[in-house]
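This report is meant for someone meeting the structure below for the first time. It looks at a sheet, at the helices on it, and then at a pocket.

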Protein chains: 4
Amino acid sequence: MHDQITSETAAKVLDAAWEKAQELGVPVSVAIVDAGRDLLAFRRHEDAPLASTDISISKAYTARSLNMNTGDLGPLTQPGGLLYGMEHTQARTLVTFAGGRPLQSGESFIGAVGVAGGSPDQDDAIAAAGAEAVQ
Amino acid sequence: MHDQITSETAAKVLDAAWEKAQELGVPVSVAIVDAGRDLLAFRRHEDAPLASTDISISKAYTARSLNMNTGDLGPLTQPGGLLYGMEHTQARTLVTFAGGRPLQSGESFIGAVGVAGGSPDQDDAIAAAGAEAVQ
Amino acid sequence: MHDQITSETAAKVLDAAWEKAQELGVPVSVAIVDAGRDLLAFRRHEDAPLASTDISISKAYTARSLNMNTGDLGPLTQPGGLLYGMEHTQARTLVTFAGGRPLQSGESFIGAVGVAGGSPDQDDAIAAAGAEAVQ
Amino acid sequence: MHDQITSETAAKVLDAAWEKAQELGVPVSVAIVDAGRDLLAFRRHEDAPLASTDISISKAYTARSLNMNTGDLGPLTQPGGLLYGMEHTQARTLVTFAGGRPLQSGESFIGAVGVAGGSPDQDDAIAAAGAEAVQ
């Protein structure tokens, strides 16, 4: 079961993440997907690398695909890992480094946020700031 | 020739389009791409049809691919038209009905806006409101 | 049987087409493919529409796929036409309006040239100028 | 921030790279993309491997996607690396070995050059010669 995330809430998540990115001084892309993994809101800073567009969307997609932080997937999908190769099973290639986090409202998974453009640690801190905006 | 569009300007275009959509009472998706056709900003209303996500992005992509309003492409790509089949020549299938408009700053094409979710006429009116925000 | 086209010859075709485009005052993309339909040379004017990149390459690809001028394909692929739908049978969607021409050296088909960015008639005149450079 | 690269400048980059390739005696493909990662200029030597066409274009695409030399990506995307798997997140698969370099004009990233056909070291030396032509 999940509640529906509104466009209003997605905008709130995006703003919280964007503010954190500006505080850290990192030009990034921020993407918010709904419970069905479809894009609800997106913003890219003009100085963020172009690759960050698709990486941020894929991080959000990944986080909601598994209801996990993308950074926790890395060890599992390495050669020899428990889920080696799983990243190629979906319509979008899953991203297995940090920067994607599910959005939870109480017990419900209502969507996910993905951030790209900085280091995985920076991206994750920005995604966390977004995720906190709905808790 | 083109100037670079900033994330700030893209947000201004999105807000102008969103306001027009609310005035018309139509739940839509609005997408802004830069001069290179890469996504800069996006927002979908939770009541907009899911198909509107990709249609709005493709409309913006199309408008900047040809520096034309997407509604002007329809007659050209019909059977018997001058450019029959052109919509299948790009990485994304081009959209040949109304709702996508290039963004111009003076003589420069700086990007494009695409809107989907309403009727083509409604989508186009909303896109036009967005495009006017940068002129 | 076909002779191999050299990079030198492709450059000569491109230059002849480019000169004709400048004479007509049309910013275009020009693509030259070899006998195997692989890209040998390409140039896009910065004011040509972005869609012209893939359209010019696809026109050259189409012209060599069938050893025909692309403009002659239009009537054949319309609804009710003899080859309706054929344009979707290859790795790249074939283009069925004017602007692509095969390159011939004597009896041999050695490649093709494709032009996009102007009207089909302008594109075809520019492609013809390129094709003449190898005859 | 980026300025627009002209077709003229792209031709200058291509010529500088081509000259370097001839000096090294390596038949290669050379591709130049603009700030939006779209192809501006391309040339393949008739003796270069056919695979070099797409590899050179993808190297240029990669270098501009991240504003990095492609050779610096290799360690990051290996198993255990910080960005393991990132190469599969974009419309074109990113190339993570040497031969692609961003083009900079002052502080602006205006595009990228990609070279393939020789060893990664040779390709990189040729790409560097191209990149120097715009500095």
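## Strand pairing

Two strands are said to pair if DSSP finds at least two bridges between them. The model discussed here is a predicted one, and in it β3(B) and β4(B) run antiparallel and are joined by six bridges. Within this pairing, R101(B) has V113(B) in β4(B) as its bridge partner.

## The sheet

These strands belong to an open sheet of eight strands with antiparallel pairing, whose order is β3(A)-β4(A)-β1(A)-β2(A)-β2(B)-β1(B)-β4(B)-β3(B). Its edge strands, each pairing on one side only, are β3 (100-105) of chain A and β3 (100-105) of chain B. When direction is ignored, neighbouring strands of the sheet are turned by 20° against each other on average.

## Helices on the sheet

Helix α2 (residues 51-66) of chain A packs on this sheet, where it touches β1, β2, β3 and β4 of chain A together with β2 of chain B, and its direction makes about 155° with that of β4(A). Helix α1 (residues 7-24) of chain B also packs on the sheet, touching β2 of chain A as well as β1, β2, β3 and β4 of chain B, and its direction makes about 25° with that of β2(B).

## The second largest pocket

The second largest pocket holds about 500 Å³ of space. Its lining consists of 31 residues, and those nearest the centre are L66(B), A48(C), P49(C), G117(C) and G118(C).

At least two lining residues each are supplied by α2 and β4 of chain B and by α2 and α4 of chain C, with α2(C) giving the largest share, four residues. By class, the lining has 17 nonpolar, eight polar and six charged residues.

Conventions: Residues are numbered from 1 along each chain as its sequence is written. Chains are lettered from A and ligands numbered from 1 in the order in which they are written. This is a predicted model: local features need pLDDT of at least 70, side-chain atom pairs count only at pLDDT 80 or more; totals for chains, interfaces and linings use all residues. Side-chain values use heavy atoms; hydrogens and water are left out. On a 1 Å grid over the protein atoms alone, a cavity is a set of points where a 1.4 Å probe fits but cannot get out, and a pocket is an open set with protein on both sides within 12 Å along at least five of seven lines; lining residues have an atom within 4 Å of a point. Grid points are joined across faces, edges and corners, and a volume is the space filled by probe spheres set on the points. Ala, Val, Leu, Ile, Met, Phe, Trp, Tyr, Cys and Pro count as nonpolar, Asp, Glu, Lys and Arg as charged, and the others, Gly among them, as polar. Axes are lines fitted to C-alpha atoms, for helices over the stretch in contact, and angles run from 0 to 180 degrees between N-to-C directions. Contact means heavy atoms within 4.5 Å.
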